[in-house]
Amino acid sequence: MKTKYIDLIEQTYDFPQQEFQLEDNKLQFHGIDLYGLAQKYGTPLKFTYLPKISDNIQRAKSWFGSAIKKHRYAGKYHYCYCTKSSHFEHVLNEALKNDIHIETSSAFDINIVEHLKKSGRITKDTYVICNGFKRDQYIQNIARLINDGHKKCIPIIDNYEEINLLGDAIEGKFQIGIRIASEEEPKFEFYTSRLGIGYKNIVPFFNQSIKPNEQVELKMLHFFINTGIRDTAYYWNELLKCLKVYISLKKVCPTLDSLNIGGGFPIKNSLAFEYDYEYMVDEIIHQIGQACEEAGVDVPNIFTEFGSFTVGESGGNIYEVLYQKQQNDREKWNMINSSFITTMPDSWAISKRFIMLSINRWNDEYERILLGGLTCDSDDYYNSEQHMNAIYLPKYRKDKPLYIGFFNTGAYQETIGGFGGLQHCLIPHPKHILINRDEEGNIKTSVFAEQQTAGEFLSILGYESKKTAEVKVKANTISVPSNN
């Protein structure tokens, strides 16, 4: 009988795969010895494999480049990175090596842009696309960036008031985009996105508020689908509706020359994942080109805002199974040495599933289990994989440590989980390792952040600051001599 863990994986999936290989009964990820990584740095552990960021950017650029050449598409393609997916400097540094542009979501994003500009990693030729609902600080920060000479900063108008707010703060002319309030899939709790301006209102809005305004030039139409770019009737229908708006707007607005097809590519969430990226890009370029040709208008330059696709597949988490609890006749709970709620909050909040594999002991027999986190919250668990209704791992043995890895966790998890801040039940944020390659292709690792300490938690909660204040008071107390 084939009862080993390796038998289960090979029977269930096409394995090994490009990024996953086995060596000496242990899992390799892009050639990284994960077991050795766990032994060197300890667990729990988060890591970021930086070369994967550049790899995915270059893949997308090649798909769009090939489609543009094939269809003799007259517009250009611009790759933007959606910074909200991961704001970390090491992520931006790696991404910006690839001649890309930036999409922001809130006021402090602009501070990051300014920092990157001062260090030379962003230039005056870098587009900064400013999305989101804008008030006060965000408006002021956008205005400061444009007033300082960054003319390729393009705020995307989300509501009718933003043009006047921006105009009051910006000196001279500036470019803008308009976001379409897309209609969501019927399964959503809401029908129309809260962001943007409705399809039918965009041309009237241009005629009434933008055309007569000599300070403003409309450059971009922004189209975003919450579920991302997928080969579904819903997506193609929304894209065609967007193109009708673009064509109508282009006919009355010659300065409009760009279409931002926001909404990301999916990333690999299972060993059974299948998605034809090249076909989707080819079809998008074909649809846009055909619609514009039939309408007799120039095709737009294409902007994308890939966030998860850029950084998601670069991240991973490694845990050790501490203990197994047999709670009833059917359920065995493997307890990990961290928390899913704090380190992979999407698994708890939106039931998102990631690739999960054992790091070691692939030649051992497997068993069906549930995975539990360390917090006292009943929701701190992980109970299934993307295409399986259960989890299987090598059998727990107290004398043989078992390490497990979750992969493609690089987008959103640190920021949603509150990196460096308070964590649920004060379970510390794990050590974070950066992995890169030198010029010869050799793997090199470094510690980005150590595991949180009790002192850091106490400081955030106010305990350390009170204690420090008391010490300072005592140190500054002056003894007054008695007259007696």
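This is a predicted model: local features need pLDDT of at least 70, side-chain atom pairs count only at pLDDT 80 or more; totals for chains, interfaces and linings use all residues.
I started at Phe265 and skipped its neighbours within four places in sequence. What is Phe265 in contact with beyond those? I got Trp63, Ile229, Tyr275, Tyr277, Val281, Phe306 and Phe309.

Next I looked up the nonpolar cores. Phe265 is among the residues with the most contacts inside the largest one, along with Ile210, Leu218, Leu221, Ile302, Phe306 and Phe309. That core has 85 residues. Which helix gives the most to this core? I found helix H9, residues 233-252, with ten residues. There is also a second, separate core of 41 residues, and Phe29, Ile359, Tyr403 and Ile404 are included in it.

Then I turned to the strands. Eight of them close into a barrel, and I traced the order as S5-S6-S7-S8-S9-S10-S11-S12, with parallel pairing. On average, neighbouring strands of this sheet are turned by 30° against each other, direction ignored.

I zoomed in on one pair. Strand S11 (residues 258-262) and strand S12 (residues 301-306) run parallel and are joined by three bridges. Which residue in S12 is the bridge partner of Ser258? I read off Asn301.

Last, I checked what packs on the sheet. Helix H3, residues 51-70, does, touching strand S5 (77-82) and S12. I have its direction at about 155° to that of S5. Helix H7, residues 162-169, packs on the sheet too, where it touches strand S8 (153-157), strand S9 (174-179) and strand S10 (216-224). For H7 I noted an angle of about 150° between its direction and that of S8.

Notes: Residues are numbered from 1 along each chain as its sequence is written. Side-chain values use heavy atoms; hydrogens and water are left out. A nonpolar core is a set of buried Ala, Val, Leu, Ile, Met, Phe, Trp, Tyr and Cys residues joined through side-chain atoms within 4.5 Å. Buried means under 20% relative accessible area, exposed over 50%, partly exposed in between (1.4 Å probe, protein chains only). Helices (H or I, at least four residues) and strands (E, at least two) are DSSP runs, numbered from the N terminus. Contact means heavy atoms within 4.5 Å. Two strands pair if DSSP finds at least two bridges between them. Axes are lines fitted to C-alpha atoms, for helices over the stretch in contact, and angles run from 0 to 180 degrees between N-to-C directions.
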